Amino acid sequence: NWTQYNTQPTSNGDTNMMQQGTFTGFEVEVHQPGIALITFNQPDRLNGMTMPMKRDLVETLAQAQMDESIRVIVFTGSGAAFSAGDDISGHENKQNQNNALVPEIPQGFSTAKNHAMGTYNGLRVLSQSLNLAIRNLDKLCIAAINGYAIQTGLSLALACDFRLASKTAKLGSATLRFGLQPDEGGHYLLIQMMGVAKTMDFLMRKRIVTGEEALEWGIVHEVTEPEELLDRTMQLAQELANGPQIAMRLLKRSIYNAADMTFEQSLDDIAAKTAISDTQPDATEGINAFREKREPQFNQWIDS
């Protein structure tokens, strides 16, 4: 029952930039306080992803970035899958195309598999841009992994800042089963979480693990019973949404920056961000609340 977490859906008023509704392969709802729930809605295809779906997702994330009322993004799937990877069925899928956020690429544009440069550019410009958009977003992202998260689905979940999985979830790359590469960044993200040795084992041996095994491998943060997954995720989303948003958004950037920086560079980076966060209303509220021995009421700047 989401209402116990105060996450009732909101209206899409004039102050909101992020569009709600049904788009190419997914639905968007915004819940209090500023939690955008993105649900992949093609269970008959195990929520397989297409280029139009990825382009719409990138646009949705751009809207979320620019909409100050959005604080946290949650991804989940419907049916038996979070997302079982790219839709390679070969069957045309026009579901929800009338509500597409981004126009379909016209015929004649080189987008993929007919030659090497088409594949290279299709990956860089279209496919890989989705996981980059998640990582570049300064709002925190949570993956609620309800079922199969394979290949593209796994990479998207790994790009998120938090991952919760159902005990019945299945996570893996498995691209080598088709003689293909984990070409949307999953190898990099796994190395960050597990190190080189475990990533080598995971990818080369084509492992597909349960939610509980994924917790042991260090891929997910938490595992729940299937029926509790979304409630627990929304509870976490509310906790994060009620935190001091400016400081948290800056800290997200600094954490990922630190993974690629020297110690000295990371010190300079966090100092620059501290110069911003220390002067924000949330910092004043946090100090006053501590002195007055009460819970801080952050984010009043969002609601004003």
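Predicted model: local features only at pLDDT ≥ 70, side-chain atom pairs only at ≥ 80, totals over all residues.
Q: Which residues of helix 7 are buried?
A: L229, D231, T233, M234, L236, A237, Q238, L240 and A241. Buried means under 20% relative accessible area, exposed over 50%, and partly exposed in between, using a 1.4 Å probe and protein chains only. Residues are numbered from 1 along each chain as its sequence is written, and side-chain values use heavy atoms, leaving out hydrogens and water.

Q: How do you know that the span of helix 7 agrees with its number of residues?
A: The expected span is 1.5 Å times one less than the number of residues. Helix 7 (residues 229-241) has 13 residues and should therefore span 18 Å; its end C-alpha atoms are 18 Å apart, which agrees. Helices here are DSSP runs of H or I with at least four residues, strands are runs of E with at least two, and both are numbered from the N terminus.

Q: What makes K54 count as buried?
A: Its relative accessibility is 1%, so K54 counts as buried. This lysine sits in helix 1 (residues 51-66). Beyond its neighbours within four places in sequence, K54 is in contact (heavy atoms within 4.5 Å) with M49, D86, S127, L130, T152 and E184.

Q: Why is the pair K54 and E184 called a salt bridge?
A: The term asks for a side-chain nitrogen of Lys or Arg within 4 Å of a carboxyl oxygen of Asp or Glu. For K54 and E184 the N to O distance is 2.7 Å, so the pair meets the definition. The two residues are 130 apart in the chain, with E184 in the loop between strand 9 (170-172) and helix 4 (186-194). K54, D86 and E184 are linked in a network of salt bridges.

Q: Why are R294 and E285 placed in their accessibility classes?
A: R294 has 33% relative accessibility, so it counts as partly exposed, whereas E285, at 13%, counts as buried. Their closest N and O atoms are 2.6 Å apart, in a salt bridge.
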